[in-house]
Amino acid sequence: MKSLFLLVVAFVAVRSDNDDNAARLLASKSILNQFIVEGKELTVEYSIYNVGSSQAYNVELSDSSFPEEDFQRVSGSLNVKWDRLAVGANVSHAVILKPLRPGYANFTAAQVKYYPTEESQAVQVGYTTAPGEAGIVGLKDYERRFSPHIVDWATFAIMTLPSIGFPFLLWYRSKSKYDVKHKKN
């Protein structure tokens, strides 16, 4: 049992020695909107951090979780490339899209490819965090819930005017009939 433990510790030590001079990237993908609404802009932000001890080379970010029949790209690109990412550095990228129909969408992870060292021949492949499934609210439902309802309030005011205005006019006529007017000398 003790020899197995020493073997595992030795493997981890050798493994970490080999990775000491390589780049290691952490990537995240996040949806910045509180509500995802059909026909309104949706902002997706990607952040990549180099936590390794070497520069990352030919860093490529590609996201295929937004099909063209469901999302219209407004600004930014879903496939981006950076020549290098320095040690301890980070880079952010944003894409603005418009959902074309209501329903549910599964926002999966984007793929990140890079070379961990300048001499490396093997491409390192990683993935961003996945925001998961989210509901896309229809435009009519969103407007019904969040609009200021000016027309509704104006209609309410016009409809309540007779029930408030008619008694006020009766009171005012009665009051002015019995008011005592003082003459000035």
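Y172 has its place in helix α3; helices here are DSSP runs of H or I with at least four residues, strands are DSSP runs of E with at least two, and both are numbered from the N terminus. This is a predicted model, in which local features need pLDDT of at least 70, side-chain atom pairs count only at pLDDT 80 or more, and totals for chains, interfaces and linings use all residues. Residues are numbered from 1 along each chain as its sequence is written, and side-chain values use heavy atoms, with hydrogens and water left out.

Y172 is partly exposed, at 46% relative accessibility. The term covers the range between buried (under 20% relative accessible area) and exposed (over 50%), with a 1.4 Å probe and protein chains only. Together with F168, L169 and W171, Y172 makes a nonpolar surface patch of about 480 Å². Patch residues have over 30% relative accessible area and no salt bridge; like charges are joined within 9 Å, and nonpolar side chains (Val, Leu, Ile, Met, Phe, Trp, Tyr) within 5 Å. A salt bridge is a side-chain nitrogen of Lys or Arg within 4 Å of a carboxyl oxygen of Asp or Glu.

## The chain as a whole

The chain has three helices and eleven strands. Read from the N terminus, the order is α-β-β-β-β-β-β-β-β-β-β-β-α-α.

Of its 185 residues, 23% are buried. The accessible surface is about 13,500 Å², and carbon and sulfur atoms hold 56% of that; areas come from the Shrake-Rupley method with a 1.4 Å probe, and for residues only the protein chains shown count as cover. Among contacts (heavy atoms within 4.5 Å) with a separation of 6 or more, 70% are between residues 24 or more positions apart.

## The nonpolar core

The largest nonpolar core has 26 residues, and I48 and F66 touch the most other members. Elements giving two or more residues to this core are β1 (25-31), β3, β4 (56-62), β6 (79-85), β7 (90-99), β8 (103-107), β9 (111-115) and β11. Strand β3 gives the largest share, four residues. Such a core is a set of buried Ala, Val, Leu, Ile, Met, Phe, Trp, Tyr and Cys residues joined through side-chain atoms within 4.5 Å. In soluble globular proteins, nonpolar side chains tend to be buried together.

Setting aside neighbours within four places in sequence, the contacts of I48 include L25, L26, A27, V59, L61, W82 and V112.

S47 lies in strand β3, which spans residues 42-50. S47 is buried, with a relative accessible area of 7%. Beyond neighbours within four places in sequence, S47 is in contact with L26, A27, S28, V91 and S92.

G135 belongs to strand β11 (residues 132-137) and is partly exposed, with a relative accessible area of 33%. Apart from neighbours within four places in sequence, G135 is in contact with I36, G103 and Y104.

## Positive phi angles

N58, found in strand β4, has a positive phi of about 50° although it is not a glycine. N58 is partly exposed, at 31% relative accessible area.

H149 is likewise not a glycine and has a positive phi of about 60°. H149 is in the loop between α2 (139-146) and α3 (150-178) and is partly exposed, at 27% relative accessibility.
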